[in-house]
Amino acid sequence: MTTALWLCLGYAALALIGVRGLRKAGTPSRWLLVTLALMLAAQATYLLPADAQADPAYAVFFPGGLTQPSLAVLAQLFALSVFGGLTLRFLMLRFSTGFVGFGVILIVVTGLAVMQGNPQDSGIGMAGWLTDAFAPPLNFFGLGIIAAWAAGGMALIGAVMYRFATAYLSELINRAMFWLLVVPLVWMGGLAGMSGNNLLREAGWLLQFGGMVGACYAILSHRVLDVRRVFRFTFASILSAGLTFIVIMAALFVVAALPQASFFAILGVGVLATLAYVPLRAVGQFIVDRLFGRPLDESTSLVREYSQTITGVVELKELSDYAVTTLRRTLRVRAGMLILATAENDDTIRVEPMASPLVDAPDLRGWIPRSSAVYRTLFEQRRPMLQYDVEYSPEFAEVALELKSFFRALRMNAYAPIVMQGQVIGILAAANRVNDEPFTPADLELLATLATTTGVALRNARLVSDLRTARDQTEALNRDIIRTKERLERLDAVKTDFVTIASHELRTPLTQIRGYSDILEALAESPRLEPYQIAGVTNNVRKATDRLEQLITDMLDVSRLGLDAMDMRLGLTTIDSVLRLSIEPLAESIKQRELQLTARGLRGLPEIQGDTQRLVQAFRNIILNAIKYTPDGGRIDISGQLQQNPETGKDEILIKVKDTGIGIDPKNHELIFEKFFRVGDPGLHSTGATKFMGAGPGLGLTIARGVINGHGGRIWVESPGFDMEKLPGTTVFVTLPVNREVGGPARVDISSGKMPAYRPTPAESGSNAVAFDTRTRKG
Ligand code: ADP
């Protein structure tokens, strides 16, 4: 009765302290308050007189004939359930309400069962109801409650162990460890308290109160004391005291057993005992070290060695490795990391962990605003910072979630700033200790010292790395410039050639026309002018004018390419018919040149949206080239197939025109699509459109590419090289989309005959593809 009163006061005091912590510790402290209130209520039931249920003044507490002892048990069970919920909450696990729910169901069922029958029969709360529950006649109420208690207790211990195993921050592990002391006290205390045995009862309630004091401490303080350090200290003290005791006792026994305890004999025993004590102590120390790990004693020399060596390191990766190795050896941490920090602008610092052979840092970037608590702690106050604090301390509550998850993803535990001459350059981070003990202030101090020591070397290494990057960039730029220069030189040559080519190309038919008109004139003077003679001459004049017209049309077409304004008349067409129409006019020349032309795989190809005439023009130019640049007796193979665009995954037709000709030097594979570009001597002019090596004006492929790109396709060539002897051959590849996207030619107003600039599909954009873009977009 008096114990209960004291405990009531004790719980009330704990609750008062708990109220003060409400704001600081948040949800768990609300659960704590409820638990404390229920524990207080459970104690209060003992303040009621034993026969209270008979007294009308107390009737309200005893509905349905509950007795005072049974009421006390039910109240305690309720308090235990809420404590279980509190435990789960504290461990940041779910199901806290679920746990309480189960408890409440159990209590209600028990309560109803008790109220149904005669309370005295159930024996709940009566003397010995739990201790004798196993003895016949079995007390089913007692057994049931013991079973539920055991199950709940195991669930809670399991939850603590789970948190223990999964938490990655040593501070969280330490909290779980501390709670591992709290749970048994409260839980066992509860059972002993309910046992109905007078002796057990008082001891149980006191134990439980002790447990609750621990719970209050753990919840209301941000960091709990290092359980293992306390253990180690206690264990080491006990061991040392025990060893000393053994030695002294042994010496006393020996002295007592001596026949005559002369001064020298006692002196001898004393010396022996002392000598024995030294190795024994060493053994004791060894045991403690083995169990708990050695304290850090060589760290000073390691730090000195580190600071001497590190200044000579200028490679960032080497520096990172060395820093992390030293961290591992001095602080005995599982891992470490060097994080590079760069002031991005006046407001933010960019941070990126540094991966190196020893450190597999995640490929991440974070941004620390100068206004954040992280910046303040690390770079303004230059204090080390704990991940645990970032996550749970109210000081860091306002830190942006992204920044918090950046730090979380690093899986580090403590951070120390690296600042050189007021400039933020990095962070040295350490993961958990090997034994998962939390960091002590001395550990953090050591981390900070290492970070400061790293400063000079890090600055040098970053300068070197920046210089190297700058040098690489300059080199790349130089290479670009050289490439561009070469290209420009070649294009420049093309420009100069243009005048030569154009004048040759134009002059040839003009000269012919002039020649034939001279002939006509001469013939006109002769009296015998046969019609066949006129026909022969005019036929030649027609050929020459056709050639001129063709040339001018080509030139016009090419000039339009630059304006995205080639006329297109779209309709459904097939590749088969396009190629047929392209080859037909060339059949005669193919025969003359004894070339073998084959085509396969064209029939089965699907229809496409396109301008038949333009496509014929494009393919004729391609095939004409194959004819021109393949010696007599060579072969030209045309093939078609359906495939998926490697970028967009959409269906497209691929046509290959393969010849066994002279081939094209790879450095010209792109240039041949430029206007007026042709390989070889610009002074040559076309002697015949299909003659071997008969030079053209260099417009054929330019137009072909314009047409193919205009249809949303691609064109490129492949050839091992140029060789007049070995004839490596050339293959021209053309792709044409089967289904054009909305916005493509399918929606073109055909009557107007104008096709708008081809808008790239999202997958294609980036290559900046527009209609008649003359650049290759090779698949
Ligand atoms: P041209 O009117 O000179 O044929 P093109 O634009 O059609 O102009 O071709 C440009 C140059 O590309 C040609 O002068 C030729 O050197 C080269 N070329 C084109 N096709 C082939 C091919 N199948 N084999 C070898 N060289 C080719």
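Colleague: How many bridges join strand β5 to strand β6?
Modeller: In this predicted model, β5 covers residues 414-420 and β6 covers residues 423-430. The two strands run antiparallel. Ile-418 stands opposite Gly-426 in β6. The number of bridges joining β5 to β6 is seven.

Colleague: Which strands stand at the edges of the sheet?
Modeller: The sheet is open and has six strands, paired antiparallel in the order β3-β2-β1-β6-β5-β4. An edge strand here has a single partner, so one of its sides is left without a neighbour in the sheet. The strands in that position are β3 (366-369) and β4 (385-386).

Colleague: Which helix packs on the sheet, touching β1 and β6?
Modeller: The β1 strand spans 336-343, and the helix direction makes about 130 degrees with that of β1. The helix covers residues 316-331 and is α12.

Colleague: Are α7 and α8 roughly parallel or roughly antiparallel to each other?
Modeller: Helix α7 (residues 170-194) packs with helix α8 (residues 198-220), their axes 7 Å apart. The angle between them is about 155 degrees, and angles over 145 count as roughly antiparallel. Their crossing is left-handed. The two helices are therefore roughly antiparallel.

Colleague: How are the rings of Tyr-306 and Tyr-322 placed: stacked, edge-to-face or tilted?
Modeller: Tyr-306 lies in helix α11 (residues 299-310) and Tyr-322 in helix α12, so the pair ties together parts 16 residues apart in sequence. The ring centres are 5.3 Å apart and the planes stand at 40 degrees. Planes under 30 degrees apart count as stacked and those over 60 as edge-to-face. The pair is therefore tilted.

Terms used:
Residues numbered from 1 in each chain as written. Predicted model: local features only at pLDDT ≥ 70, side-chain atom pairs only at ≥ 80, totals over all residues. Heavy atoms only, no water. Pairing = 2+ DSSP bridges. Helix = DSSP H or I, 4+ residues; strand = E, 2+ residues; numbered from the N terminus. Contact = heavy atoms within 4.5 Å. Axes fitted to C-alpha atoms, helices over the stretch in contact; angles between N-to-C directions. Parallel < 35°, antiparallel > 145°, perpendicular 65-115°, else oblique. Left-handed = near helix turned anticlockwise from the far one by under 90°. Phe/Tyr/Trp six-rings, centres within 6.5 Å; stacked < 30°, edge-to-face > 60°.
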